[in-house]
Amino acid sequence: MNRKSQGEYQISFEAPFAEPPIVVAVANSYGKCYALEAEGTLQSVTLICMTDLITASPARTDMGFNFYAGVARAGERRS
C-alpha cells in the first residue's frame, strides 16, 4: 500500500487479476472509503477515504480501512 495523498491510497496486488477486480472498501472509523473504478487496473487500485466529522462537508482524511478485491466466477456477469 502506498499513501498518495491525504485520504488517498494505492494498493498493488502481488499477482495481477485475470480481469479487472471488484473492490469493496470499508472504513474502520467514522467515514467512507471507496475504490476509484476509473483508476483500477489488473495490478492495482486507488482507494479514497473521506469523513465529515471534522468539517461541515466530506473531506479526504487518513483512516484505517479494510478491503476485499476479487473477480466474478466464470460464467457470472457484473451488474
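Trainee: What makes strand S6 (residues 59-60) a partner of S5?

Mentor: Two antiparallel bridges join S5 to S6, and two strands count as paired if DSSP finds at least two bridges between them, so S5 and S6 pair. In S6, Arg 60 is the bridge partner of Met 50. Keep in mind that this is a predicted model, where local features need pLDDT of at least 70, side-chain atom pairs count only at pLDDT 80 or more, and totals for chains, interfaces and linings use all residues. Residues are numbered from 1 along each chain as its sequence is written, and side-chain values use heavy atoms, with hydrogens and water left out.

Trainee: Why is S6, residues 59-60, called a strand?

Mentor: Strands are DSSP runs of E with at least two residues (helices are runs of H or I with at least four), and both are numbered from the N terminus. S6 covers residues 59-60, so S6 meets the strand cut-off.

Trainee: How do you know whether Glu 8 is buried or exposed?

Mentor: Buried means under 20% relative accessible area, exposed means over 50%, and partly exposed is in between (1.4 Å probe, protein chains only). Glu 8 is at 11%, so Glu 8 counts as buried. Glu 8 sits in strand S2 (residues 8-12). Leaving out residues up to four places away in sequence, Glu 8 touches Asn 2, Arg 3, Thr 46, Leu 47, Ile 48 and Arg 60; a contact here means heavy atoms within 4.5 Å.

Trainee: And what makes S5 "mostly covered"?

Mentor: Seven of the eight residues in S5 are buried.

Trainee: What is the largest nonpolar core, and which residues touch the most other members?

Mentor: A nonpolar core is a set of buried Ala, Val, Leu, Ile, Met, Phe, Trp, Tyr and Cys residues joined through side-chain atoms within 4.5 Å. The largest has 13 residues, and Ile 11, Cys 33, Leu 47, Cys 49 and Phe 65 touch the most other members. S2, S3, strand S5 (44-51) and S7 each give two or more residues to this core.

Trainee: How do you know Tyr 68 isn't hidden away too?

Mentor: The relative accessible area of Tyr 68 is 54%, so Tyr 68 is exposed. Tyr 68 is in strand S7 (residues 65-70).

Trainee: What forms the nonpolar patch on the surface?

Mentor: Ile 22, Val 24, Val 26 and Tyr 68, with about 370 Å² of accessible area together. Strand S3 (residues 22-27) gives the most, with three residues.

Trainee: Last one: how do S1 and S2 pair?

Mentor: Strand S1 (residues 2-5) and S2 are antiparallel over three bridges, with Asn 2 opposite Gln 10. Their hairpin has two residues between the strands, and Gly 7 takes a positive phi near 70 degrees.

Methods: Patches are made of residues with over 30% relative accessible area and no salt bridge: like charges are joined within 9 Å, nonpolar side chains (Val, Leu, Ile, Met, Phe, Trp, Tyr) within 5 Å. Accessible areas come from the Shrake-Rupley method with a 1.4 Å probe; for residues, only the protein chains shown count as cover. A salt bridge is a side-chain nitrogen of Lys or Arg within 4 Å of a carboxyl oxygen of Asp or Glu.
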